[in-house]
Amino acid sequence: MLDRIVQGEVPRKHHLAFRDAEGRLLHEEAYTRAGFDGPYALLYHRNRPHAVHAAQARNGFPLPQPAPARALLKRHYRTQDLAARGGPPVDARRPLLFNADVVVGLVTPTSEDPVYFANGDGDDLYFVAEGGGLLRSPMGDLRFGQHDYVYVPRGLLHRIVPDAGPQRWLSLEFPGGMHLPAQWRNETGQLRMDAPYSHRDFRRVELKGPVDEGLRELVVKRAGAFHGFRYDASPLDVVGWDGALYPFAFPILNFQPRAGLVHLPPTWHGTFAARGALVCSFVPRVTDFHPEAVPCPYPHASVDVDEILFYVRGEFTSRRGVGPGSISHHPAGTMHGPHPGAYEASIGTRSTNELAVMLDCYLPLQPTAIALGIEDPGYQESFVG
């Protein structure tokens, strides 16, 4: 959650009777986290937001199923070789790796959502490797483009309208919720002046007033299943809202990287945190400035976390054979580091131009059959010679 904002018309005090210009009583929706103890927003609807009919769920994406157990090896999955599934975003997501805290997938839509969708199982974070579009919800519209992170909080009714052209998005579903790392906030919740981003770097949803798109169907994902509902009127009937729980976009290039005398650990690149997981952003930056520094990441033993890296663009100096769309997976229990020659060749370099998203998580990640279909079988041995 970022900060409290106000959009449209709201009453002078919460939970008071609030009427429109014609004198009709508006309905206040309390959209809350952690019961009533966490971040929340209050939305003011023309119609009763909870009045829906049961209906058939005609949309939904594949759910993660584990592939058979395999040996403990370094892995490389080439999502660039995965053919686009197509269809609307609500159908176009495919799971690749997962545990109880995160589901990592790829979304390759070719059309707009024909229904509204609400993920009751977790927060969704997308990274737009290619494409862009519009996320529409009762809270308003959120434009997003290439290299944006897009955050959709759990349970928010929305649909996505992709722009024309190819679309490839990394998807991260967090059942335990997602937030900004605590170390970047001061005691009042404001982002610290030494944080790697500021409140100005985020793009917030913008309310456009009540909208009727002619759509009445809603699909809710809950407990690993998809459930259908139908409205009698448009659910995009909000005249105003305020609060700290809403969707936002964050351009990865707004992340302010750190440089040190010697190599800094990945936690300095922490961008979003979740239960059992940390999302890091690697953007072009100057490298370490000690005259004898080794800028390339040092070999390290992953004794506590699984680490995946989603490569976006640039020269990935510590790895061979990877390119835009590659996902490397280095599981806990294995030593990993740069490919042969990369450690030595990095000495004396002054900058990097790579762009990548990293995820560290404490629980082991399991691959799906989809991931196995795009695996590079030679990756483990590529570290030997």
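## Around His263

Leaving aside neighbours within four places in sequence, His263 is in contact with Asp288, Val294, Pro295, Cys296, Pro297 and Tyr298, where contact means heavy atoms within 4.5 Å. His263 sits in the loop between strand E20 (248-251) and strand E21 (270-274). Strands (E, at least two residues) and helices (H or I, at least four) are DSSP runs, numbered from the N terminus. The UniProt annotation "active site", from an unreviewed entry, covers His263; UniProt positions follow the numbering used here, feature names are shortened, and annotations may be inferred rather than shown by experiment.

A quick word on what you're looking at: this is a predicted model, in which local features need pLDDT of at least 70 and side-chain atom pairs count only at pLDDT 80 or more, while totals for chains, interfaces and linings use all residues. Residues are numbered from 1 along each chain as its sequence is written, and side-chain values use heavy atoms, with hydrogens and water left out.

## The listed binding site

Which residues does UniProt list for "binding site"? The unreviewed entry gives His300, Asp306 and His336. They span 37 residues in sequence, yet no two of their C-alpha atoms are more than 12.2 Å apart, so they gather at one spot. Asp306 belongs to strand E25 (residues 306-313).

## Two domains, face to face

The chain splits into domain 1 (53-68 + 82-237 + 246-252) and domain 2 (256-383), with bounds that come from an automatic or database domain assignment. Their contact takes 41 residues from domain 1 and 39 residues from domain 2. The C-alpha centres of the two domains lie 26 Å apart.

How much area is buried between domain 1 and domain 2? About 3400 Å², and carbon and sulfur atoms give 69% of that. Buried area here is the accessible area (1.4 Å probe) that two parts lose on being put together, summed over both. Leu96, Leu97 and Asp101 supply 17% of the area that domain 1 buries against domain 2, more than any other three residues.

On the side of domain 1 that touches domain 2, the largest share, five residues, comes from strand E6. The residues of that side divide into 30 nonpolar, seven polar and four charged.

Now look at Ala100, in the loop between E6 and strand E7 (103-107). Not counting residues up to four places away in sequence, Ala100 touches Pro175, Arg275 and Leu363. Ala100 and Pro175 are 75 residues apart in sequence, but 7.5 Å apart in space, C-alpha to C-alpha.

## Salt bridges

A salt bridge is a side-chain nitrogen of Lys or Arg within 4 Å of a carboxyl oxygen of Asp or Glu. By this rule the count comes to 24 salt bridges, with one between domain 1 and domain 2. The side chains of Asp101 and Arg275 form a salt bridge (2.6 Å, N to O).

Notes. Nonpolar A, V, L, I, M, F, W, Y, C, P; charged D, E, K, R; others polar.
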